[in-house]
Amino acid sequence: MTSSSDLRERFAASLMPTYGVPPIALSHGRGCEVYDADGRQYLDLIAGIAVSVLGHGHPAVVTAVARQAAVLAHTSNLFVHEREVELAERLVALVGGDAKVFFANSGTEANEAALKLVKRAASPGRHYYVASSKGFHGRTSGSLALTGKDAIREPFGPFGTEVRFVPHGDLDALRENVDEHCVAVFTEPVQGEAGVVPAPEGYLAGVREICDATGAAFVLDEIQSGIGRTGAWFAHQAEGVRPDVLTLAKGLGGGLPIGACVGLGRYADAFRKGDHGSTFGGNPVACAAALAVLDTIEGEGLLAHTTVVGDLLAEQLEALDHPLLAGQRGSGLWRALELTAPHAAHVQEQAAVRGFLVNAVTPDAVRIAPPLVITPEEIGVFIEALPTVLDAAEAAATKEKQS
Ligand SMILES: *Cc1c(COP(=O)(O)O)cnc(C)c1O
């Protein structure tokens with residue numbers, strides 16, 4: 001028995017079946033390369049769902065984490081420590097000042113903090129929230145209540161949070177559903193889990209306008225889109241729009257768990273002492289990793305790199321002529337291959353067989369979100385193999401249909 005199949009069997013026996021049993025057991029990585037438990041090598045084009053922005057084993061993260069773990073790994077929020085303050089200052093500067101940060105440990109917790117923050121800031125007559133259909137904000141009850149993917153939300157309701165869903169990007173529907181009784185609008189600039197689906201141009205500016213007109217808070221979930229993924233620090237910056245609350249997680253820690261809820265303007269000081277907390281939030285090791293990530297993105301010019309390599313990837317995908325490939329969408333190093341048939345799972349599987357990790361994010365879309373350090377050469381290797389992968393996916397789909 002191979003090490004992978006052994007691990008998968010033990011996984012199935014000892015872990016809850018929330019994820020099924022993942023097909024591959026990863027063992028270690030270096031840069032954009034990862035290896036499975038049987039020693040097979042892969043080019044990582046998904047980065048643990050847009051998380052490992054510097055790839056694997058980046059010396060800046062390794063050094064920062066090792067140093068901090070050796071000096072002081074945990075303080076709790078009973079004590080101040082320098083890394084947390086530094087990281088908050090950096091994030092405040094990156095959003096353009098006049099803001100404060102609450103640190104959590106994950107994306108869903110960042111959104112839970114945002115939910116409480118906007119509730120605290122709202123006048124008593126405000127009682128409902130508006131979010132986007134097919135949106136994703138996390139799996140804990142508050143974030144789940146705001147999540148527009150019905151299949152994952154409905155079995156666990158009701159949540160005690162009144163939420164109205166409107167189609168993502170539809171400003172008329174938003175205008176109809178937001179009034180002076182609305183606490184906040186929660187939305188993503190690009191819906192990651194729905195398949196890297198961008199909103200129409202001008203959407204964020206429209207949300208800003210509707211929130212300004214009604215006094216509802218504008219909460220922008222940049223948990224997946226933030227930290228350089230689209231070629232800007234945050235996707236909203238490219239549109240020149242400032243939300244009231246910004247949530248971050250995935251790429252921020254470069255693989256270490258950390259989330260952040262950033263309150264801008266009057267939302268910086270809306271929480272009162274005792275309103276919220278987290279034992280691990282702002283953990284020194286996670287903050288040290290995040291500081292290393294931000295330093296490296298800045299020092300190595302990774303925002304510009306992401307734009308250049310992302311555009312190159314898009315161009316090469318557009319130039320590819322294959323019956324299963326309808327096109328691509330997204331920005332920066334965050335793309336979806338649009339398929340002409342619902343064979344994404346086959347594409348993911350056949351890509352892995354040939355040494356490429358991609359993600360079947362929906363039945364007809366394959367998500368690509370590689371480390372931001374990926375090179376044009378590595379992209380080239382993938383593009384060269386892609387026609388063969390798509391051929392094999394089509395063949396596998398045909399075979400499945402026949403059996
Ligand atoms: C991943 C994600 C979340 C949830 O983050 P977790 O760390 O898994 O809790 C929330 N919102 C968006 C947009 C995400 O992509």
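## Strand β14 and its partners

R329 has A336 in β14 as its bridge partner; helices (H or I, at least four residues) and strands (E, at least two) are DSSP runs, numbered from the N terminus. This is a predicted model, where local features need pLDDT of at least 70, side-chain atom pairs count only at pLDDT 80 or more, and totals for chains, interfaces and linings use all residues. Residues are numbered from 1 along each chain as its sequence is written, and side-chain values use heavy atoms, with hydrogens and water left out.

Strands β13 (residues 325-331) and β14 run antiparallel, joined by 6 bridges; two strands pair if DSSP finds at least two bridges between them. The hairpin they form has 2 residues between the strands, and G332 takes a positive phi near 55° there. β14 also pairs with β17 (residues 365-368), again antiparallel, over 4 bridges, with R335 standing opposite I368 in β17. As for burial, β14 (residues 334-339) is mostly covered, with 5 of its 6 residues buried. Here buried means under 20% relative accessible area, exposed over 50%, and partly exposed in between (1.4 Å probe, protein chains only).

## Two domains

The chain splits into domain 1 (3-58 + 301-402) and domain 2 (72-299), with bounds that come from an automatic or database domain assignment. Their C-alpha centres lie 27 Å apart. Across the boundary, 26 residues of domain 1 are in contact with 27 residues of domain 2, contact meaning heavy atoms within 4.5 Å.

Domain 1 and domain 2 bury about 2100 Å² between them, and 63% of that is on carbon and sulfur atoms. On the domain 1 side, V51, L303 and W334 lose the most area to domain 2, together 32% of what that side buries. Buried area is the accessible area (1.4 Å probe) that two parts lose on being put together, summed over both.

## T296 in helix α10

T296 sits in helix α10. With a relative accessible area of 8%, T296 is buried. Leaving out residues up to four places away in sequence, T296 touches L54, H58, A60, G301 and L302.

## The annotated positions

UniProt, in an unreviewed entry, lists R139 and S278 under "binding site". From this set, S278 is part of the lining of the second largest pocket. UniProt positions are given in the numbering used here, feature names are shortened, and annotations may be inferred rather than shown by experiment. A pocket, on a 1 Å grid over the protein atoms alone, is an open set of points where a 1.4 Å probe fits, with protein on both sides within 12 Å along at least five of seven lines; lining residues have an atom within 4 Å of a point.

R139 is in the loop between β5 (128-132) and α6 (141-145), and it counts as exposed because its relative accessibility is 56%. Beyond its neighbours within four places in sequence, R139 is in contact with T108, L144 and I152. S278 is in the loop between β12 (259-264) and α10 (284-299), and counts as buried because its relative accessibility is 13%. Setting aside its own neighbours within four places, S278 is in contact with N77, F102, F103, N105 and E109.

## E239 on its loop

E239 belongs to the loop between β10 (217-221) and β11 (245-248). It counts as partly exposed, at 37% relative accessibility. E239 and A205 are 34 residues apart in sequence but 7.4 Å apart in space, C-alpha to C-alpha. Not counting residues up to four places away in sequence, E239 touches G202, Y203 and L204.
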